[in-house]
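Here is a short tour of two spots worth a look. Have the sequence and the model open beside you.

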Number of protein chains: 2
Amino acid sequence: MSITIKKIAEICNVSRGTVDRVLNNRGKVKPETESFVRKIAEQMGYEPNPAGKALAAKKKNIVVGVVLISEGNPFFDEVIRGIREAEKEYTAYGVRVLIQTMHGYDVEEQCRLMEEVGSQVNALILNPISDLKIQHKIDQLVERGVFVVTVNTDIENSKRSCYVGSDYINGGETACGIMGVLTGGRAKVGVVTGSFKVAGHNQRIAGFKKVMEKKYSQIEILEIVESEDDDILAFEVTNRLLQAYPQLDALFITAGGVYGACRAVLSQARQQHIKIVSFDSAPNTVEMLKQQVIDVTIYQHPYTQGRKAMQIVFSYLVNGLEIKKEKHILKNEIKVLENL
Amino acid sequence: MSITIKKIAEICNVSRGTVDRVLNNRGKVKPETESFVRKIAEQMGYEPNPAGKALAAKKKNIVVGVVLISEGNPFFDEVIRGIREAEKEYTAYGVRVLIQTMHGYDVEEQCRLMEEVGSQVNALILNPISDLKIQHKIDQLVERGVFVVTVNTDIENSKRSCYVGSDYINGGETACGIMGVLTGGRAKVGVVTGSFKVAGHNQRIAGFKKVMEKKYSQIEILEIVESEDDDILAFEVTNRLLQAYPQLDALFITAGGVYGACRAVLSQARQQHIKIVSFDSAPNTVEMLKQQVIDVTIYQHPYTQGRKAMQIVFSYLVNGLEIKKEKHILKNEIKVLENL
DNA sequence: TTGTAGGCGTTATCAC
DNA sequence: GTGATAACGCCTACAA
């Protein structure tokens with residue numbers, strides 16, 4: 001049988017209340033009793049019972065805020081689905097969720113939403129814009145006692161408690177790893193990135209180069225162009241890329257604009273098949289996989305990102321678990337049509 | 001606030017005990033009260049609180065038995081790790097785990113272990129040999145009230161409640177999907193399978209052929225040989241395969257013997273790189289990935305299989321949840337060295 | 001500074 | 001058949 005507060009209380013000859021005060025650092029305990037209780041609890045290997053905690057936590061009425069740059073982005077639809085699923089599971093514990101979505105990368109707008117949502121909640125799940133202002137806003141909310149979790153994009157220097165998402169460097173490494181076996185280790189690659197201003201995109205390119213240098217001396221990057229995650233722009237820049245480099249035989253698409261880039265490839269109707277590695281599985285991307293335009297795409301577990309973020313919030317707020325892992329990194333998975 | 005048994009009791013003007021009897025089909029309730037309570041509960045959308053259930057379940061002292069053909073198989077080391085991890089988490093609810101491992105595919109031995117373990121437990125997690133005797137033993141245990149979950153291999157016709165594992169057909173489809181992009185849709189493939197007696201291996205081949213026919217008219221299987229999951233045998237049969245078919249340029253390894261097959265490929269030192277797709281990530285397989293002998297390997301989430309099986313047992317036994325999904329299928333993931 | 005008691009939701013055990 | 005009551009482990013008022 002497991003150790004309970006009650007048992008510790010009996011052994012220490014104090015009341016359950018006192019043990020609770022010690023174990024949860026509520027103060028108002030004589031130092032001697034405190035250290036004694038702590039010693040016994042330690043000795044017996046006390047582990048709080050999550051069910052008991054959860055039951056008692058019902059009265060707390062916990063609200064979790066969510067701010068995501070998700071509108072028009074199918075990736076985040078999945079993240080939200082994960083959050084909603086977890087919400088369902090946690091309503092029994094008095095947890096509510098408050099979601100605010102936004103469209104573009106407007107720092108002021110995100111700050112405003114963070115303030116609006118943050119002032120009503122115990123925790124905030126956030127897909128932050130990489131900007132100093134946002135970092136400060138995070139810190140400010142944390143100071144006010146909000147438990148902040150970043151998803152998909154991290155701001156390491158902020159006071160946020162956790163990050164849930166993928167490792168972008170490894171995403172690039174994985175992309176090069178699979179590109180290597182796709183091309184027999186010999187390729188002239190055009191890179192269509194989202195923006196040089198987005199850290200994640202740059203990290204993917206860095207990871208790609210890292211594996212290139214270490215493992216594939218015959219893979220070469222011809223040029224890197226920006227699509228601003230826009231299909232029309234992607235179409236144009238990819239077209240130019242293809243025209244400029246007739247020898248190009250592979251594309252590495254680090255971000256959005258996948259469909260536009262693919263359409264450019266289709267429009268040029270080259271003899272040789274151009275190998276394409278992309279990210280995520282937006283409907284358009286899946287369509288291009290079906291048409292065998294894209295060879296593989298790399299998947300970042302969006303649903304799990306949402307779910308996991310909620311789990312972390314829950315176990316902190318409801319079960320009072322200390323955060324052990326500051327970063328929860330999900331694998332970069334390689335997908336073909338068959339295992340999507 | 002959510003609906004509780006207490007609230008329903010108040011509304012129906014009965015005691016909580018009566019509501020509990022109705023909702024858990026314990027009998028000894030007047031039919032009128034029964035249907036009335038049921039109606040109200042339905043109407044209000046009653047959902048039992050898992051924490052409450054878990055707390056009350058502590059007295060039950062649940063024991064989960066595990067019988068795995070795991071010895072000498074790194075895949076199952078991971079499954080066991082998943083089970084152990086879940087065990088830790090569930091000890092707080094009075095759940096104990098009893099693991100028995102075995103070595104080869106000895107039906108009598110497995111039957112004996114199933115009986116030995118099965119007679120002391122409330123649930124059994126089993127990696128079954130595909131044999132009628134095992135099926136009967138499962139049914140027998142189920143009749144005796146044991147909750148049976150199969151992992152990694154299923155026996156569909158048995159009375160087991162759940163299966164946790166991968167979809168073998170899809171495993172083969174995925175293998176062909178990635179083989180297609182590896183080879184530009186043009187390959188002469190040798191298949192090294194484990195045994196024609198093992199359903200899962202045959203299903204992988206079937207899935208592979210399915211995608212071949214639908215999508216890759218230029219991929220062709222030259223011959224299928226058996227390795228009996230043994231490296232030495234795999235070495236020999238692969239060697240013969242390579243000698244018999246100089247035009248062979250790809251290997252599909254459906255099961256064990258991966259290392260032996262790779263060594264055969266290395267020993268023949270062909271000019272052209274032979275593309276290899278295998279399953280799982282045993283240490284030897286990882287080594288061959290590192291040496292760029294194997295191009296990709298397909299991963300079946302062994303850790304998650306163990307964890308999920310425990311989760312299912314827990315939510316059934318402790319939370320009394322009805323089983324909604326009879327099969328919990330994990331994705332076949334494509335791995336290169338970089339995203340292992 | 002410490003103890004007591006009631007409640008979170010469910011269930012098992014009595015007593016009626 | 002049914003109801004009352006005491007757990008399960010934890011937390012929070014309030015009383016001392």
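## A buried arginine

Buried means under 20% relative accessible area, exposed means over 50%, and partly exposed lies in between (1.4 Å probe, protein chains only). Arg160(B) counts as buried because its relative accessibility is 5%. This is a predicted model, where local features need pLDDT of at least 70 and side-chain atom pairs count only at pLDDT 80 or more, while totals for chains, interfaces and linings use all residues. Residues are numbered from 1 along each chain as its sequence is written, chains are lettered from A and ligands numbered from 1 in the order in which they are written, and side-chain values use heavy atoms, leaving out hydrogens and water.

The residues that Arg160(B) touches (heavy atoms within 4.5 Å), not counting those up to four places away in sequence, include Ile138(B), Val142(B), Asp154(B) and Glu326(B). With the side chain of Glu326(B), the side chain of Arg160(B) makes a polar contact at 2.8 Å. Such a contact is a pair of N or O atoms within 3.5 Å; within protein, one must be able to donate a hydrogen and the other to accept it, and residues adjacent in sequence count only if both atoms are side-chain atoms.

## Around DNA strand D

Which residues come nearest to DNA strand D? Of the 29 residues around DNA strand D, these are Tyr46(A), Arg16(B), Thr18(B), Lys30(B) and Lys58(B). Sugar and phosphate make up 71% of the atoms of DNA strand D that come within 4 Å of the protein.

A polar backbone atom of Lys30(B) lies 2.5 Å from a phosphate oxygen of DNA strand D.

Definitions and conventions:
A residue is near a molecule or strand if one of its heavy atoms lies within 4 Å of it.
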